[in-house]
Amino acid sequence: MSVRTPGSAPDDEVLAAVISPAGELRPDRLRGPGGRPAVDVRTLTRVLFERLAELPPGTPERERVRAALIEVNIPLVRYAATRFRSRSEPMEDVVQVGTIGLINAIDRFDPGRGVQFPTYALPTILGEIKRYFRDNVRTMHVPRRLQELWVQVSGAMEELTVVHGRAPKVPEIAASLRIPEEDVRACLDAGRAYNAASLEAAQEHEGGLALLDRLGYEDSALAEVEHRDMVRHLLVQLPERERRIVMLRFFANLTQSQISTELGMSQMHVSRLLSRILTRLRTGNSWED
């Protein structure tokens, strides 16, 4: 049996205020003038959970009430997502991940324990978002052991910074956690895997030059090296006369008429020989007289 504070609206009135007779949530009725909540979210959440408990699993009405619970508590997800604003991930992606945590919290929540739903759901939402960053957002793969150890190292760094008034050194972190210094260094390297530096970002210590400005350029002739080597291999298989025809035509850029004059043969003969030579070169077959 639910307990209401004096002057509070009956549960049926709370539901009717934001849920249509067809059982659908009316988002436009959640907010009043000035963007203020028209219905107390905690009260509405409590009433929806009470209604959810009365409905058998798998029914359309239960799914509508569950969807209403998700919609009503999305602001809680957005609040949790703001804690990760400094990360490089789009905020909407973080909200989507947090919504998964909200759904899990709704499915597991037991109103009979006397705990307010936001108090129960917030750690679940935060845990889902943290798991997402831990497992999916790094720019390189990091072993799970280092991922979990990094949480301890980062916590120790914060505590030691407060104690010493400066960034702690590796030996101090290792001594605090009683782990080898090599593990601390590995964790520090793993912690940097969250973000990759943009090639176009200016580097202050490099006089404002971007990383891209300091990279080598690609030689446009590099791709032709393999082709030239293959052509050279095929040319050496040609008889002297045919090899000279190819050299005059494609390396000296002479016309067929000029080649015929140079070699003392008809232009038609030069044309037939060129056609035969090119066929052999394209197929890679050796020359046959």
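## Val-72 in helix H3

Val-72 belongs to helix H3, which spans residues 60-72; helices here are DSSP runs of H or I with at least four residues, numbered from the N terminus. With a relative accessibility of 4%, Val-72 counts as buried, a term that stands for under 20% relative accessible area with a 1.4 Å probe and protein chains only.

The model is predicted, so local features need pLDDT of at least 70 and side-chain atom pairs count only at pLDDT 80 or more, whereas totals for chains, interfaces and linings use all residues. Residues are numbered from 1 along each chain as its sequence is written, and side-chain values use heavy atoms, with hydrogens and water left out.

## Aromatic pairs around Phe-49

Four aromatic pairs are found in a search of the whole structure, where rings of Phe, Tyr and Trp (its six-membered ring) pair if their centres lie within 6.5 Å, with planes under 30 degrees apart counted as stacked, over 60 as edge-to-face and the rest as tilted. One of them joins Phe-49 and Phe-109 in a tilted arrangement, 4.8 Å centre to centre with 55° between the planes. Because Phe-49 lies in helix H2 (residues 41-54) and Phe-109 in the loop between helix H5 (91-108) and helix H6 (117-136), this pair ties together parts that are 60 residues apart in sequence. Both Phe-49 and Phe-109 are buried.

Phe-49 also forms a tilted pair with Phe-117, at 5.1 Å centre to centre and 50° between the planes. This pair links helix H2 with helix H6, as Phe-49 and Phe-117 are 68 residues apart. The relative accessible area is 5% for Phe-49 and 3% for Phe-117. Together with Phe-109 and Tyr-120, these two residues form one aromatic cluster.

## The nonpolar cores

A nonpolar core is a set of buried Ala, Val, Leu, Ile, Met, Phe, Trp, Tyr and Cys residues joined through side-chain atoms within 4.5 Å. The largest has 31 residues, and those touching the most other members are Leu-48, Phe-49, Leu-102, Ile-106, Phe-117, Ile-125 and Ile-129. At least two residues of this core come from each of H2, H3, helix H4 (74-81), H5 and H6, with H6 supplying the largest share, eight residues.

Leaving aside neighbours within four places in sequence, Ile-106 is in contact with Phe-49, Arg-66, Leu-69, Ile-70 and Phe-117, contact meaning heavy atoms within 4.5 Å. Another core, of 14 residues, lies apart from the largest one and includes Val-170, Ile-179, Leu-188 and Ala-190.

Notes: Buried < 20%, exposed > 50% of the residue type's maximum accessible area, 1.4 Å probe, protein only.
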